[in-house]
Amino acid sequence: ARTGLLLCGDLEIAKKIISILSQPYSVEGSRCIIGASVGVAIAPFDGQTSDDLVRNADLALYAAKDAGRGVYRFYADAMHNQASERKAIEDALRDALAKEELKLLYQPIVDVGSEHVSGFEALIRWQRDEGDVVSPSKFIPIAEESNLIVPIGEWIIRSACDAIAKLGAGYRVAVNVSPRQFANEKLPVTILNAVAAAGIRPDQLELEMTEGVFLDESPANLEMFQKLKRTGVRLALDDFGTGYSALGYLKKAPFDKIKIDQSFVLGAADRNSMNAAIISSIVGLADALGMETTAEGVETHDDLALIRGLGCSHVQGYIYGKPMDLDEVEALLAEQGGLVIARGFKSAREPRVRTFRT
Ligand code: C2E
Ligand code: CA
Ligand code: CA
């Protein structure tokens, strides 16, 4: 009975609220954009008291934000389970640092021309209670939401700097920096301290950030870019092409590198795919702006050959190595002096036309 007319009306209201709030404002000549997400709970179905209703609307709001923001969600009973799972992860994550359950793995980034490793991307792993390894795609958003990303991020930066000190002057390590970390005014000091404590050159540390950090183009945000740049670290734009891709920020933010997202790389050698054309224009853009390019997620020889032909400067992907721990990294560098050999299938599997099931 709750569907039908009632929901239809609420749906229209929710859509309207989002679209009206999302209209850009003009403030002293600059464009300001405010986003909105909406969670809806309806009395008496979703709660009889105001407390219940507000709590359930809040759960629906969480679901809306999870779905990528700028959308609405109606409350559903299943959201309670998701919320308690989220809370359990958050509580366990709070202790993970102290219990030394977090570790960094390092994936080689390879110079396309020389096939030598130029550096590594640090990728976090969380092994809960000696048990399952939780994927960062699952716990990083929760760490973001709860601000736990700030202490965890500091630990990541310090550990990466220590790793750089071990590897020596010829290599760089990149760390992922999330929007909350970027918004934290202590970030430059954290970086300077970590670099000094490890005794490394600042340009051996690279910060990877996604287009998400540009959602807020405030003066404070642009100032942070300048401050980071002044610390001497390198900046890389991660997952390029997947976000909202307004190119204007490329000229405001002093990036040293663009990382081309795996979605453009996978199957790029397929003749029916537009990906090669897209990669080629990204490389052209990066070259013109004096930036390096890394193609992410390269798995097959065909894709590697294509990427090489299109002029990407660096490659990262299973074809040259999966994320590994620091001991394996040191062994790899000691063995062949950083020269790596591409290993993988020739091409991606043909798409299946039909699946038969018994
Ligand atoms: P990302 O920054 O785009 O990292 C690249 C992801 O692609 C990694 O997944 C890596 O293992 C995977 N990958 C690399 N080469 C290949 C390949 O050839 N094929 C395939 N299929 N995958 C490949 P991972 O480690 O699961 O990390 C997922 C995401 O979690 C990262 O995406 C990043 O957004 C986030 N993340 C990981 N570590 C950290 C961290 O220390 N801090 C923050 N803030 N986020 C992190
Ligand atoms: Ca990354
Ligand atoms: Ca990426």
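Which residues is arginine 86 in contact with, leaving aside its neighbours within four places in sequence? They are Tyr62, Asp66, Pro141, Ile142 and Glu145, where contact means heavy atoms within 4.5 Å.

Before going further, a word on the background. This is a predicted model, in which local features need pLDDT of at least 70 and side-chain atom pairs count only at pLDDT 80 or more, while totals for chains, interfaces and linings use all residues. Residues are numbered from 1 along each chain as its sequence is written, chains are lettered from A and ligands numbered from 1 in the order in which they are written, and side-chain values use heavy atoms, with hydrogens and water left out.

Arginine 86 belongs to helix α3 (residues 78-96), and leucine 102 to strand β5 (residues 102-111). Helices (H or I, at least four residues) and strands (E, at least two) are DSSP runs, numbered from the N terminus. The table uses these terms: buried is under 20% relative accessible area, exposed is over 50%, and partly exposed is in between (1.4 Å probe, protein chains only).

| Residue | Relative accessible area | Class |
|---|---|---|
| Arginine 86 | 17% | buried |
| Leucine 102 | 7% | buried |
| Glutamate 121 | 4% | buried |
| Asparagine 176 | 29% | partly exposed |

Not counting residues up to four places away in sequence, leucine 102 touches Ala96, Leu97, Ile124, Arg125, Trp126, Ile152 and Trp155. Leucine 102 and isoleucine 42 are 60 residues apart in sequence, and their C-alpha atoms are 41 Å apart in space.

**The calcium ions**

Now let us meet the metal. Glu121 (OE), Asn176 (OD1), Glu208 (OE) and Asp238 (OD) coordinate the calcium ion (ligand 2) at 2.2 to 2.3 Å. Donors are N, O and S atoms within 2.8 Å of the metal (3.2 Å for Na, K and Ca); water is not among the atoms, so sites may look incomplete. Aspartate 238 coordinates both the calcium ion (ligand 2) and the calcium ion (ligand 3), which are 3.9 Å apart.

**Two packed helices**

Helix α7 (residues 187-198) packs with helix α8 (residues 219-231) at an angle of about 10 degrees, their axes 9 Å apart. Axes are lines fitted to C-alpha atoms, for helices over the stretch in contact, and angles run from 0 to 180 degrees between N-to-C directions. That angle makes α7 roughly parallel to α8, a label for angles under 35 degrees. Leu187, Pro188, Ile191 and Leu192 of α7 meet Met224, Lys227, Leu228 and Thr231 of α8 in this contact.

Terms used: Parallel < 35°, antiparallel > 145°, perpendicular 65-115°, else oblique.
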